[in-house]
Amino acid sequence: MTDETRPGGPGSQETPIRRRFDPFRNLGPIASSDTVTQKRELATRSDLKTIKKAGVRVHGSKVVTDDVKKLKSLSEAPGIAPGALGNYYVEPVRIEYYIPKESKFAVETRSLYVPLIDPVIRPQDEVLKWASDKNRFVDLMEVMNEFPQTITGLLESYHEVLNLYEHISRVMRQAEATDPELYRTAFYLCETLFEYEPTLAALEFMGDFLTYNLNWLVRKMNQLGVEFRASDKIVSYFIKLRNEYWEENNMDYDERFEILASLFFDQAYPHRGVSIVEEDFLFEVFDRNR
């Protein structure tokens, strides 16, 4: 085929196909595991020019945002089978962008689906295996009745917060009997007690029962349709467990998850990675030796 007859060549009647330049084609993949440890960088002048040239439109309106690539690639929902949705924690994430012609910011919400990763049950975790086999919540009061050999170790590790575990036990019994909404209370109490882990009892014979309990409660509330929201710290923990599991098992890259998880960290921890240096403060004012 000569230049004269080749489509688009001299003498050809066909109009050459003009490919639109993608200013974001050289951007690398987004990783939420990197975002959590880095501070938010401001867009440079060059970045802003690239953003404006991109001509991104949302609902028919041209928008300006420093998250253009993220905004363009997000689907309304992930491809998860309806029967598997109960095994995910769902966190709403805001997407904000500016509409120049209307001189206003618009906000949309996408749902971040974090798969629940259960703790590995070790040979010595007799209690955790018992609870997992029966699909039961690990109630320390019940554990002391079923496994008397654990009483001494549990009292030594949890004597300062034993009243909270007693409260959880009462709440769980009431939730199972009459009021499923109380599962939410039990979840929030577990979030509080998570600050005290790991204890010697958990390390030696209980295993990671609080992670197991958090996952159990999320699944239970998903099943019953109880609305709840985890704290930013627990959401971050769920994301960390998911990322570790994906890395260890060489799972496929999930762009939607990584983008939304990165946006979550941007919104929940906007000052992460910021270091304090001496020049930021008037230390000499308080230095009596000067």
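Colleague: Which residues does Met206 touch, leaving out those up to four places away in sequence?
Modeller: Met206 touches Asp125, Val127, Leu128, Val138, Leu140, Val143, Leu154 and Ala201, where contact means heavy atoms within 4.5 Å. This is a predicted model, where local features need pLDDT of at least 70, side-chain atom pairs count only at pLDDT 80 or more, and totals for chains, interfaces and linings use all residues. Numbering starts from 1 along each chain as its sequence is written, and side-chain values use heavy atoms, leaving out hydrogens and water.

Colleague: Thanks! How many residues are in the largest nonpolar core?
Modeller: That core has 65 residues, and Met206 and Leu217 have the most contacts inside it. A nonpolar core is a set of buried Ala, Val, Leu, Ile, Met, Phe, Trp, Tyr and Cys residues joined through side-chain atoms within 4.5 Å, with buried meaning under 20% relative accessible area (1.4 Å probe, protein chains only).

Colleague: On to helices. At what angle do helix 8 and helix 10 cross?
Modeller: Roughly 155 degrees, with the axes of helix 8 (residues 182-193) and helix 10 (residues 209-224) coming within 10 Å. The axes are lines fitted to C-alpha atoms over the stretch in contact, and angles run from 0 to 180 degrees between N-to-C directions. Helices are DSSP runs (H or I, at least four residues), numbered from the N terminus.

Colleague: Which residues of helix 8 meet helix 10?
Modeller: Tyr183, Arg184, Ala186, Phe187, Cys190, Glu191 and Leu193 do, and their partners in helix 10 include Trp216, Leu217 and Met221.

Colleague: And which residues of helix 11 meet helix 12?
Modeller: Those are Asp232, Val235, Ser236, Ile239, Arg242 and Asn243, with Phe257 and Phe264 among the residues they meet in helix 12.

Key:
Helix = DSSP H or I, 4+ residues; strand = E, 2+ residues; numbered from the N terminus. Buried < 20%, exposed > 50% of the residue type's maximum accessible area, 1.4 Å probe, protein only.
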